[in-house]
Structure formats: structure tokens, C-alpha cells
Amino acid sequence: MAVSPFDINLASDHPQVVPISVFVAVLCICLVIGHLFEENRWVNESITAIIIGCITGTAILFLSKGASSHILRFNEELFFIYLLPPIIFNAGFQVKKKQFFRNFFTIMLFGVVGVFISTTIITAGIWWLFPKIGFVGLTPRDFLAVGTIFSSTDTVCTLQVLQQDDTPLLYSLVFGEGVVNDATSVVLFNAIQKLDVSRLDGWAIVRVVGDFLYLFSTSTLLGVAAGLVTAYALKALYFGRHSTDREIALMVLMAYLSYMLAELLQLSGILTVFFCGIVMSHYAWHNVTENSRITTRHIFATMSFIAEVFIFLYVGMDALDMEKWKVAKLSFETALGIDATVVFLILLGRAAFIFPLSSLSNRINKHADRTSITFKHQVIIWWAGLMRGAVSIALAFKQ
């Protein structure tokens, strides 16, 4: 009796089906446990996902007798092509534009100038201190890359304990700096990858800054153009008279297309899709039907949420990857010294720009009708940037 091809078990033909199913099941567990801790202001889905990832990785290590801690293995392309775009686009789409542009100068000070200051301090610090604690072998490009990676912040945990209605200035600065910081870190990282490390001189800094300004401006313009084209198409063609699905699909696809075009042109897709999100939320969002307005906000937020949980869950499992620990060949004392050094430099680099730039912003905005950044606010903003998130992880995988 011949066996129909439809009777063949899917799992036997596609060995990835079972691991993917298990990974999705663990994702669901993360969502459920995150919901149970919703009332806890100090624990969010990111922390929950990392902890569950570590627990899952430990269980897999025992079951595989130390062979692996992963359900699935991914390369950096998954992060940069599929997971980061919805996170960054949603950040731009959901940003409160009035507060964002009202504090635009201060946000750009923290998110752009601050990244350069932090990168400089962390790079110089590890370049000097790592050899003293017995960690050698990094190239100048590696030092610069590490400095950039650890200058990218994650403000999600801080926003869990801030209320936008109660502290609008503080919320705007923390959120705005977070998204601009991520975009700046990616652009600076890409500029460093193009740097000729065999000729590190005064002109090298000029070339890095020049590449940064070129990537920043062209990526921003591309994102704005993609958002405006989408808004015009929605208004001129009026998709909503036939189907709201087409409106939503056009917004999603144009946002993703802007990101891929930027990557194709060797620009910053992160920055492009961020400003595309801002422009779409200001123009395109008002050219769709009421149903589409509600749906788009939930769709983009959901895609971003799932992508973030996915990344942190994978990181939790990757922390127990025995192959990486074997390759490292570091003693416990050296590893502890590296961790302590990096944490200290992150604290120092963060403080080196938050407090001086806050004073500068207060001085410049003194005659404007704006609230000053108090010392308490500065401490909270400093503390908010001590955590590292999805962009740092993705850059580390890419490096």
C-alpha cells in the first residue's frame, strides 16, 4: 500500500519543527509568568525571559549531558533583519511627539554626544585596564567595538517605574534618549567597522565622525521619505474604502522596506526605521480609518513585544553555552576582573556625560519656558542607562 505524501509526519521531514514548537511554548510561558508579575514594578518581561532562558538552558544542558544549552541556534542576521526592526519602529511609532520634540535638544545631547563620550571612556578604560588583569588579544577595532556596544542602553526597565502623566519631562528624556542612543550606537558601530585600524591617527577620529554624520543624516532622510511616501499613498488612494487590511499591510511593508533599503545602501536601518515610525505616526496614521488606527498601534506594539521577549529568552540560554565558555579559556579571577572593570567603566562613562550635559541643557533652556532637570532627575536618568538591552546583544552577536 502506497503512503500518501500527506500522511508523512511533518516532524520527521523537518527536524526543526520540534525545537521551534518547544521554543514557542517557552515563549508562551514567559508571557504567562510576565503577566503574573505585572503588579511588581521591579520585574518586567525582559528580566523574566532571561531567568526562564537560564532555567531552560540548564535543563537542556542536563538532558544533553553538557552538549548544548540551546533549543535552537540563530545567527546575527535573525536579530538584525527580523527582530530589531519591529522593536525600533514601534519605539518611533509610539513616541509622544510633543514631548519628544519639545526636549529634542536635550535628547540629542544625551543620545548622540553622550554616546561619543561614553564610548571614549569605556574604550580608553578597557584598552588600559584589560592587559593589567591578564586579558590580552583584542585588536584596536575590538576595543572600539566593545566601547560602542556597552554605550547602548536599555531604558525599558526604568520606564516600568515611571509614569508619563506624573513625570512627563523625566519620562520623555529617558525614553527619547533610549531610542536615539540605540540608533546612534548602531551607526557608530558601523562606522567603526569601516575604520582602517592600521592607521589610527588624528584623522581617524575625523573620518569616524564624518562617516557617522553621513550615515546619520542620510539614514534619517531615507526614513522620513519612506514615511511621507506612505502617508501620501494612503491619502491619495484611500485604501480604507475597500479594505482596512491593505492600509495596515502597506504601513508594515513600507516600514520594513525602508529598513532593508537602508541596509542595502549600507546605511543605518535602525535609524531609518525609527524616523520612518515617527513620520508614519504623525502623517500616515491620520490618513487611515479609525479601525486601522486602533489596529496598527496594537499590531506594532505586539510585534515589538514578542521580538524583545524572544531576544532575552535566547540570551538567557546563550549565557550557558559551554562552547563559548570553553573558547574563552579565562580563569574565574580574570572573568570577574573583566566584569568588574566593564561595570565600573559603564558607571563612569554614564556619569561623565549625564551630569555635565544636564547642566548645559539647563543653562541653554534657562530663558525658555521649560522645566529644569533637577539633580534627582539627573540621578534617575544616570541610573536608567546602566542596563543593556536588545541592541547591545545584537551588536555583540554581530561582532
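Visitor: Where does Ser152 lie?

Guide: Ser152 sits in the loop between helix 7 (140-149) and helix 8 (156-160). Keep in mind that this is a predicted model.

Visitor: Is Ser152 buried or exposed?

Guide: Ser152 is buried, because its relative accessible area is 1%, and the cut-off for buried is under 20%.

Visitor: And which residues is Ser152 in contact with, leaving aside neighbours within four places in sequence?

Guide: With those neighbours set aside, Ser152 contacts Asn181, Asp182, Ser185, Met387, Arg388, Val391 and Ser392.

Visitor: Switching to the nonpolar side: how many residues has the largest core?

Guide: The largest nonpolar core has 89 residues, and Phe89, Met251, Met280, Leu313 and Ile381 have the most contacts inside it. Helix 9 (residues 168-193) gives the most to this core, with 15 residues.

Visitor: What is Ile381 in contact with, beyond four places in sequence?

Guide: Among its contacts there are Phe110, Leu170, Leu173, Val174 and Ile354, and also Glu177 and Arg350. A second, separate core has nine residues, including Phe130, Val146, Leu345 and Ile346.

Visitor: New topic, then. At roughly what angle do the axes of helix 6 and helix 15 cross?

Guide: The axes of helix 6 (residues 104-129) and helix 15 (residues 332-364) cross at roughly 150 degrees and come within 8 Å. Helix 6 is therefore roughly antiparallel to helix 15, as angles over 145 degrees count that way.

Visitor: Is that crossing of helix 6 and helix 15 left-handed or right-handed?

Guide: The crossing is right-handed. By class, the contact between helix 6 and helix 15 has 18 nonpolar and eight polar residues, with no charged ones.

Note on methods
Residues numbered from 1 in each chain as written. Predicted model: local features only at pLDDT ≥ 70, side-chain atom pairs only at ≥ 80, totals over all residues. Heavy atoms only, no water. Core = buried A, V, L, I, M, F, W, Y, C linked by side-chain atoms within 4.5 Å. Buried < 20%, exposed > 50% of the residue type's maximum accessible area, 1.4 Å probe, protein only. Helix = DSSP H or I, 4+ residues; strand = E, 2+ residues; numbered from the N terminus. Contact = heavy atoms within 4.5 Å. Axes fitted to C-alpha atoms, helices over the stretch in contact; angles between N-to-C directions. Parallel < 35°, antiparallel > 145°, perpendicular 65-115°, else oblique. Left-handed = near helix turned anticlockwise from the far one by under 90°. Nonpolar A, V, L, I, M, F, W, Y, C, P; charged D, E, K, R; others polar.
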